[in-house]
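These are my notebook entries on one protein model. I record what I looked up, entry by entry.

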Amino acid sequence: MESRRSRAKAVGQRLLQAGTPGKNGLQAVSRGQVGRALRWFSTAVLNAAFLGMGVSAAVLGPTLPDLAKNVNRNISSLSEIFVGRALGYLCGSVVGGALFDCMNHFLLLGLSNLVTSAGLYVTPFCRTAGLLTAMMSVTGVSFGVLDTGGNVLILNLWGDKGAPHMQALHFSFALGAFLAPLLAKLAWGTTASTQNHTESGFDRSALNRSSEATSDSLFAVPEDVTLLWTYASIGTYVLVVSVFLFAPFFKQSSKQKKSMASAQEARKAKYHWALLCLLFLFFFFYVGAEVTYGSFIFSFATTHVGMEESEAAGLNSVFWGTFAACRGLAIFFATLLQPGTMIVLSSVGSLVSSFFLVLFDKSPLCLWIATSVYGASLAATFPSGISWIEQYTSLSGKSAAFILIGAALGLMATPALSGILQGHYPDLPIILYTCLGSAVFTTALFPVMYKLATLPLGGKQKKSIKSESQKFLPSSSGLQGRK
């Protein structure tokens, strides 16, 4: 009798144990669905944030004459605002990389967007060049934080499947940069011209008295209401996006953070920092060539090739248009091709197109064709590079900041040096030589990077990685025990 009772209890306990995994399974499914929805929501908000960053960064170009008039300066004497924003971006990349590893990701990115929104609101009220440069530096810091954190966060959210989402993130930035001139000059330009026409009968002496009264102050309402509405509209959009960035902050659990951090520590290449240094140089030359060609192609086409200004403007639009369009197409290509393959195709395309630009530097037809190919070839390189290195070694906030500092230095140094050399040697296509040299360097550097990334790990490192992975896979060991 006792043996039968003990068997009955054992059967009952087994039935209870068999029933509990069903509840746990339903809970796991519901948690998985919530986590998947939160991941897509976070990705969409990040894309919206990068769209706002693209608009905020590119709106400076078409509004620069209005800002110069607002601070009583010529455009040529207001170049320090670009230097200030670039230095701010450098500082933001360093600070953002350090803070990204020790505080909540969405909280940090939301705060950076709030700073961007505040800077956009204040910019049209600045009445001195020093204050305007300070505002540009502040927005540059927030750009650096968002750029560093956004790239790492996309990789953390999607892991090995993050290549298409990385391409989409950078396409959002390019789309924002493409929309900025249209928003600044088309959406609000008609309103400004109408107001100037209707207000032309106002008392000019009163206007002069008001401008003299506000010339000594640091802040004042701008005379051009269009400038105010442009920056206020973009600032409002960035402010709304920052609110959505704060939403995942309240949903993320500490367990997810710990498991994410442990997974990052477990994957590390044998020559981790050497690989990061090579990618630093890779992005230095790539970004430098991209910005140099986009900045000087207009003046080069008019002075060296002899194009009309309208044709040179169209050539500039073709370069940035193909660049933005191919970044959009790269989202779909990233689902079919590996990041390394896309880097090789981009490097070969930029090398061939820049070679033909140098070879036929006086030919307008070659300039049109090679410019479109060059813009298309450069489009997918940057996001593919970040996705590629994540396949072989983990990217923390500090690692991403180190890489982006290389890109920022190339952004500042290469166009400045190329412009100086082009001024000293006006008969030589220095701009094209810069692009060709950068293409040769990046094409030759990537095989070295690939060789370093694929070197086998040492025995000690393999054991440590294996032990780390076993620590965070308790379910598989539990299943083996049950078997």
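**Entry 1: L67 and its contacts**

I looked up L67 and found that, apart from neighbours within four places in sequence, it is in contact (heavy atoms within 4.5 Å) with L60, L78, T123, L132, M136, L227 and Y231. I note that this is a predicted model, in which local features need pLDDT of at least 70, side-chain atom pairs count only at pLDDT 80 or more, and totals for chains, interfaces and linings use all residues. Residues are numbered from 1 along each chain as its sequence is written, and side-chain values use heavy atoms, with hydrogens and water left out.

I placed L67 in helix 2, residues 60-70. Helices (H or I, at least four residues) and strands (E, at least two) are DSSP runs, numbered from the N terminus. Is L67 buried or exposed? L67 counts as buried because its relative accessibility is 1%. For this term I use the following limits: buried is under 20% relative accessible area, exposed is over 50%, and partly exposed is in between, with a 1.4 Å probe and protein chains only. I also looked up the pair L67 and P124: they are 57 residues apart in sequence, and their C-alpha atoms are 7.1 Å apart in space.

**Entry 2: The whole chain**

I then turned to the overall composition. The protein chain has 19 helices and 0 strands. Of its 483 residues, 44% are buried. Among contacts with a separation of 6 or more, 86% join residues 24 or more positions apart. The accessible surface of the chain is about 24,300 Å², by the Shrake-Rupley method with a 1.4 Å probe, where for residues only the protein chains shown count as cover. Carbon and sulfur atoms hold 67% of that surface.

**Entry 3: The nonpolar cores**

I looked up the nonpolar cores, each a set of buried Ala, Val, Leu, Ile, Met, Phe, Trp, Tyr and Cys residues joined through side-chain atoms within 4.5 Å. Which members of the largest core touch the most others? They are F283, Y293, L367 and M449, in a core of 74 residues. Helix 11 (residues 272-305) supplies the largest share of this core, 16 residues. For M449, leaving aside neighbours within four places in sequence, I listed contacts with L275, L278, L279, F282 and W388. A second, separate core has 22 residues, including V59, L64, A184 and L227.

**Entry 4: Two further helix residues**

I found S117 in helix 4, residues 105-122. S117 is buried, because its relative accessible area is 1%. Beyond four places in sequence, S117 is in contact with G235, V238 and L239.

I found I405 in helix 16, residues 397-424. How many residues separate I405 and S93 in sequence? The separation is 312 residues, while the C-alpha atoms are 6.7 Å apart. With neighbours within four places left aside, the contacts of I405 are L90, S93, V94 and F280.

I looked up G349, which lies in helix 13. G349 counts as buried because its relative accessibility is 16%. The C-alpha atoms of G349 and L378 are separated by 8.2 Å, and the two residues are 29 apart along the chain.

L359 is also in helix 13, which covers residues 339-359. L359 counts as partly exposed because its relative accessibility is 48%. I found L359 in a nonpolar surface patch with V344, V348, V352, F355, F356 and F360, which together have about 600 Å² of accessible area. Patches are made of residues with over 30% relative accessible area and no salt bridge, with like charges joined within 9 Å and nonpolar side chains (Val, Leu, Ile, Met, Phe, Trp, Tyr) within 5 Å. A salt bridge is a side-chain nitrogen of Lys or Arg within 4 Å of a carboxyl oxygen of Asp or Glu.

**Entry 5: Loops and cysteines**

I placed N72 in the loop between helix 2 and helix 3 (80-100). N72 counts as exposed because its relative accessibility is 60%. Its phi is near 60 degrees, a positive value in a residue other than glycine.

I searched the whole structure for disulfides (a pair of cysteine sulfur atoms within 2.5 Å) and recorded 0. C91 is partly exposed, with a relative accessible area of 44%. C326 is partly exposed at 22%.
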